[in-house]
Amino acid sequence: MKIERHFKIIELINRFNIETQEELASLLNAEGVKVTQATVSRDIRELKLTKISTGDGRQKYAVLQSNETGLGEKYIRVLKDGYVSMDMAQNILVIKTVSGMAMAVAAALDAMGWSEMVGCIAGDDTIMCAIRSVDETLVIMEKINKIVS
């Protein structure tokens with residue numbers, strides 16, 4: 001069911017200029033694929049969709065091209081721009097960000113693909129990252145320090 005939904009999402013974003021999760025959910029429901037906004041949000045993350053400019057001042061969802069040049073630099077820029085501070089609580093890394101930037105910074109951290117990091121949960125200005133061990137938390141902190149310094 002999820003695979004079919006993902007195919008339908010890709011089909012819809014290729015056919016229409018979809019600007020919001022709500023628009024995508026509405027189109028999916030109209031096509032007979034019953035979804036909630038939360039499901040659409042998860043699907044967008046799993047499909048690695050991004051927003052691109054349509055040229056008329058609006059944006060639309062598109063499939064993120066993994067071979068896009070400078071992608072790592074974009075993640076580094078998001079991390080640098082949003083980062084405020086970090087602290088550890090055993091194998092949990094807590095990162096403070098500029099207000100409203102936590103989700104973007106968490107997505108950038110996830111995209112880094114660091115094997116020590118299990119995953120991140122983001123609020124408005126705080127991220128909690130689960131790290132495999134205390135020692136690996138220190139490794140991740142050092143990696144982040146090198147990027148933001």
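The buried residues of helix α3 (residues 37–46) are covered by several elements, including α1, α2, β1 (49–53) and β2 (59–63). Here helices (H or I, at least four residues) and strands (E, at least two) are DSSP runs, numbered from the N terminus. Which residues of α3 are buried? They are T39, V40, S41, D43 and I44. A residue counts as buried under 20% relative accessible area, as exposed over 50%, and as partly exposed in between, using a 1.4 Å probe and protein chains only. After α3 comes K48, and its phi is positive, near 55°.

Before we go on, a word about what you are looking at. This is a predicted model, in which local features need pLDDT of at least 70 and side-chain atom pairs count only at pLDDT 80 or more, while totals for chains, interfaces and linings use all residues. Residues are numbered from 1 along each chain as its sequence is written, and side-chain values use heavy atoms, with hydrogens and water left out.

Let's look at the helices that cover α3. The axis of helix α2 (residues 21–30) comes within 9 Å of the axis of α3, and the two cross at roughly 110°. Axes are lines fitted to C-alpha atoms, for helices over the stretch in contact, and angles run from 0 to 180 degrees between N-to-C directions. On the α2 side, Q21, E22, L24, A25 and L28 meet Q37, V40, S41 and I44 of α3. Of the residues in this contact, five are nonpolar, three polar and one charged. In this scheme Ala, Val, Leu, Ile, Met, Phe, Trp, Tyr, Cys and Pro are nonpolar, Asp, Glu, Lys and Arg are charged, and the others, Gly among them, are polar.

Helix α1 (residues 2–15) also packs against α3, at an angle of about 80° and with the axes 11 Å apart. These two helices are therefore roughly perpendicular to each other as well. K2, R5, H6 and I9 of α1 make this contact with T39, D43 and E46 of α3. It is made up of one nonpolar, two polar and four charged residues.

Now zoom in on Q21, which sits in helix α2. Is Q21 buried or exposed? At 18% relative accessibility, Q21 counts as buried. Leaving out residues up to four places away in sequence, Q21 touches Q37, V40, S41, I44 and Y61, where contact means heavy atoms within 4.5 Å.

C120 lies in strand β5 (residues 117–122) and is buried, with a relative accessible area of 18%. Beyond four places in sequence, C120 touches A106, L109, D110, I127, M128 and C129.

Next comes helix α5 (residues 102–112), where A102, V105, A106, A108 and L109 are buried. Seen down the axis of α5, these buried residues fall within an arc of 160°, so they line one face of the helix. The arc is that of the directions from the helix axis to the C-beta atoms. An α-helix has 3.6 residues a turn, so residues three or four places apart point the same way. G113 follows α5, with a positive phi near 70°.

T97, in strand β4 (residues 92–97), is buried, with a relative accessible area of 6%. Its neighbours beyond four places in sequence are G82, V84, A102, V105, D124, D125, T126 and I127. The side chain of T97 also reaches the backbone nitrogen of A102 at 3.2 Å.

For contrast, find E73 in helix α4 (residues 71–82). At 56% relative accessibility, E73 counts as exposed. E73 and R58 are 15 residues apart in sequence and 24 Å apart in space, C-alpha to C-alpha.

Finally, step back to the whole chain. There are six helices and six strands, running α-α-α-β-β-α-β-β-α-β-β-α from the N terminus on. The C-alpha trace spans about 50 × 35 × 30 Å along its principal axes. Of the 149 residues, 31% are buried. Among contacts between residues at least 6 apart in sequence, 48% join residues at least 24 apart.

Technical notes. A polar contact is a pair of N or O atoms within 3.5 Å; within protein, one must be able to donate a hydrogen and the other to accept it, and residues adjacent in sequence count only if both atoms are side-chain atoms. Angles under 35 degrees count as roughly parallel, over 145 as roughly antiparallel, 65 to 115 as roughly perpendicular and the rest as oblique.
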